Amino acid sequence: MTINRLPAFIAALLLFSVLITSCGFFKGSADPRDLLEIRTGKYEPVEADYPGRKILALYKSSNGQTAKENEIFYHLSLPLEEMGFTIQYRDIDEGIPDANALKNVRTIITWFRDSSLSDPEAYIAFLNSAINSGRKVIVIGNFGAYQYRDEKEKYVRPALLNLPLSKLGLWYMGDWTDDASLLEVAGLDPSMVEAEAKQDASKSSFFYRFIKTDRDMNVYLSVRRKDKNYPPSPFIVTNKNGGFAFPGYIYKEDKDGKINFLLNLKDFLRESLFPKYTSEKVVLIADKNDYVSKGILVYTEDILHRVNIPYKTIDRAQFKNMVPGDLRQFSTALLILRNETELDPKILEEYLNGGGSIISLLAGDLTNLSSLLASTGVEGAAREKTGFRINAGFALGENLVPADDEEQWYPGSLLPDKDAAVMGTDYGGDTPLLWSADSHGGKVLVWNWDGFYRASLAGLILQSILYVRPAGAAPVIGAGHMFIDDWPLPMYDTVKKPLTITDTEFYTKIWWPEIKALFTQRSIPCSAHLIFNYNGVVSPPFTGAEFFASEKQSSLSSARDILSSDTELGFHGYNHMSLTLENTDVNMNNWPSLQAMESSLLEGKKLWVSLLGKETLPFGYVAVNNIISEDGIKALHNVFPSIKIISALKWGVEGETYTPLGPYEHIPGLYYIPRVSFGYRVTNEVKNLIISGANAFGFTSHFIHPDDVFDPYRSDNKNWEELKSEFTAILDFIKTHYPWIKWKSLRQLYYTLQEQDAINFSSRWKGPTLELTITPNTLFQLRMNRGPYKRITGALPVYTYGTMPVQILKAVQKHVEIEF
């Protein structure tokens, strides 16, 4: 078994090629990437993260190799098959594989003996496109495509060679030598590169200069030229795109002809095929064909996207193509499944054995995973449970116990084992709802309910991710806003129960002065959203008669009063009809057409301009009944281009519009700023919604109506003084648990959120130090699950929780280091 070496003059030619190409002196040259695409076209991206279990093993018949007589067959077939792969052998001398040949292939492996091909450019294009399509490439031994076989003096330009090599973390620079006296090993990982014998550069006596181009790559062997000042050359490496093992340092032959492998082939394959995460990254394992799983998936993806935590989603359809090791690239795995059908438990077991963290967000029949999820018992048929309590110290807040005594939910088939820490139960304390444990070398957290589908405590999904890591960090917005819906509204000068004064007197002499005073006292900016009518008119002619019902024109004077103050005046609608063509349970009538919908908005705009002036046209819109469709958004934008904010509900369920927190992708400058909580009453539901918003995003937004006192359901038959007292308690609740959240005007919040959209954030571990890359002035939460940090640089504390190991910090540099 031999590995051919290139003669010294090749290195000089290649280095000269680098120089003339980089200087632009290569006559008639195009961008090498364009050349590759012209030669072979682009391979289609893989349809899934795990397209199949097939390995494409390339050999050269010109080297005397066959499908069953080649280094891959001899040395790699057994470990690859043990990992769960099938191998397809192909002679590269018979031509470059086309797209069909790559079907179900996830990795290409080569182990060539010489440096030439008939068409090396096409081969390089093939490798480059394969990596671009999401497949891995592992090169062992000679790269095999430095030279044109039929033109002995012609060598491939380094600019072309470096297209695929750079994706493996290497930049080829030539400078070849076989002078053993000039070489020494600069660094090595003996467990990887000294499996059966010691490395000795003087005996390998083979060198090219490579530059490291990937900060996250693993370098197991580097060799230095003692006569040069440049850094050592990485020779055996792996990264997210595969691996590279330089010839001469893979094995050595003793005097008796016995091959002793220097390279630990099994470990090298493992690291090349299943690179371990370097930065925090989450995988969501879900079933998109199951409406419950898909619903929770939407909430989870929304949260992770907002807080800049990278993630990938694996759908059930991909389970059959997965093998143990596939989850190593993720710091945390979230299961969102009602059953584990087709998911091999060995995949999760191997992941936990490597120190992984698993969170199960949805109860179901997970019996085959019971031993992995810290469960020993299996319940019978699930029975509906009532209410919940989550122990203090889990949800972000001061000694905060999220609870509800009414919500109905279903548990799954699992019960926690004796070593699990139960952190939540049903309201009566009988059925475990949340538990955690160390399991198989990793950490698990199990939510034994279906509540996240209804968005109950959805913000705790993020806290779950932060909880299972040694320490977890995520950006927070640190801001909130107060909405007033239906204000000003039509006033009728009539007495309505339970009051003994007219509605107009209540609004103008009691409610509005007292709400203004309360907000002023607490420095809470608010926005009021005007409604002209409550009629159910959905076809022209449209009139604004109700807005002028009060004898003293109190609705109009209230609107003008708002415009003369610091309060923002937004729009709630010409009438109280949701901007959607779909049938809804809450609208009196349905719009007959999009044109009729737009006509009502035009009438509202004319009325606004006539009464309040064009210069006051609204900046924000609150969706009527918290419902708005894509058609409604377009109609609104066509008529009111001044509106930049649309607000419905963050956790909208049933007929309400679920609203993300972020830009509306179809209209530049238009932004969703949803409401998280509502009303005057201090209910468990309201508190849990506030908890969700703060725990997920570091954000709160609340809305009230002026007329809740007239509604027995919304007021719970309480009078205004009682409602005001409860509302004050809501504000106190937010201040007590989230004092670092600052109230902002709607316009201020719009710009704050846009700034946060542009932040950079990533987190990675380097030994005991958590390193954050973050835009300065960004707030972030830090959860310390294994004790406080010893040292921090680049950030300053903003608030330290006294009852749980969490700090809110502000980045003052773009690099933050937290040593534990």
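At what angle do helix α5 (residues 120-132) and α6 pack, and how far apart are their axes? The angle is about 30°, and the axes lie 9 Å apart. This is a predicted model.

**Helices α5 and α6**

- Two packed helices are described by the angle between their axes and the distance between the axes.
- Angles under 35 degrees count as roughly parallel, and α5 and α6 are therefore roughly parallel to each other.
- The crossing in which α5 passes α6 is left-handed.
- On the α5 side, the contact is made by Glu 121, Ile 124, Leu 127, Asn 128, Ile 131 and Asn 132.
- On the α6 side, Leu 160, Leu 161, Leu 163, Pro 164 and Lys 167 make the contact.

**Burial and end of α6**

- Helix α6 spans residues 158-167 and is mostly covered, with eight of its 10 residues buried.
- Its buried residues are Pro 158, Ala 159, Leu 160, Leu 161, Asn 162, Leu 163, Pro 164 and Leu 165.
- Gly 169 follows α6 and has a positive phi, near 95°.

- Helix α13 has 19 residues (residues 503-521), so at 1.5 Å a residue it should span 27 Å.
- α13 bends by about 35° at Trp 511.
- After α13 comes Ser 523, whose phi is positive, near 55°.

**What covers α13**

- The buried residues of α13 are Asp 503, Thr 504, Phe 506, Tyr 507, Trp 511, Trp 512, Ile 515, Leu 518 and Phe 519.
- The cover over these buried residues includes the strands β27 (479-485), β28 (526-531) and β35 (699-704).
- Helices α14 (554-563) and α19 (720-737) also belong to that cover.

**Helices α13 and α14**

- The axes of α13 and α14 come within 11 Å and cross at roughly 15°.
- That crossing angle makes α13 roughly parallel to α14.
- From α13, Thr 504, Thr 508, Trp 512 and Lys 516 make the contact.
- From α14, the contact is made by Ser 554, Ser 558, Asp 561 and Ile 562.
- An α-helix has 3.6 residues a turn, so residues three or four places apart point the same way.
- α13 and α14 cross in a right-handed sense.

**Glu 81**

- Glu 81 sits in helix α4 (residues 77-82).
- Glu 81 is partly exposed, with a relative accessible area of 49%.
- Glu 81 and Phe 126 are 45 residues apart along the chain, and their C-alpha atoms are separated by 25 Å.

How values were computed:
Residues are numbered from 1 along each chain as its sequence is written. This is a predicted model: local features need pLDDT of at least 70, side-chain atom pairs count only at pLDDT 80 or more; totals for chains, interfaces and linings use all residues. Side-chain values use heavy atoms; hydrogens and water are left out. Helices (H or I, at least four residues) and strands (E, at least two) are DSSP runs, numbered from the N terminus. The expected span of a helix is 1.5 Å times one less than its number of residues. The bend at a residue is the angle between axes fitted to the seven residues ending there and the seven starting there. Buried means under 20% relative accessible area, exposed over 50%, partly exposed in between (1.4 Å probe, protein chains only). Contact means heavy atoms within 4.5 Å. Axes are lines fitted to C-alpha atoms, for helices over the stretch in contact, and angles run from 0 to 180 degrees between N-to-C directions. Angles under 35 degrees count as roughly parallel, over 145 as roughly antiparallel, 65 to 115 as roughly perpendicular and the rest as oblique. A crossing is left-handed if the near helix is turned anticlockwise from the far one by less than a right angle, and right-handed if clockwise.
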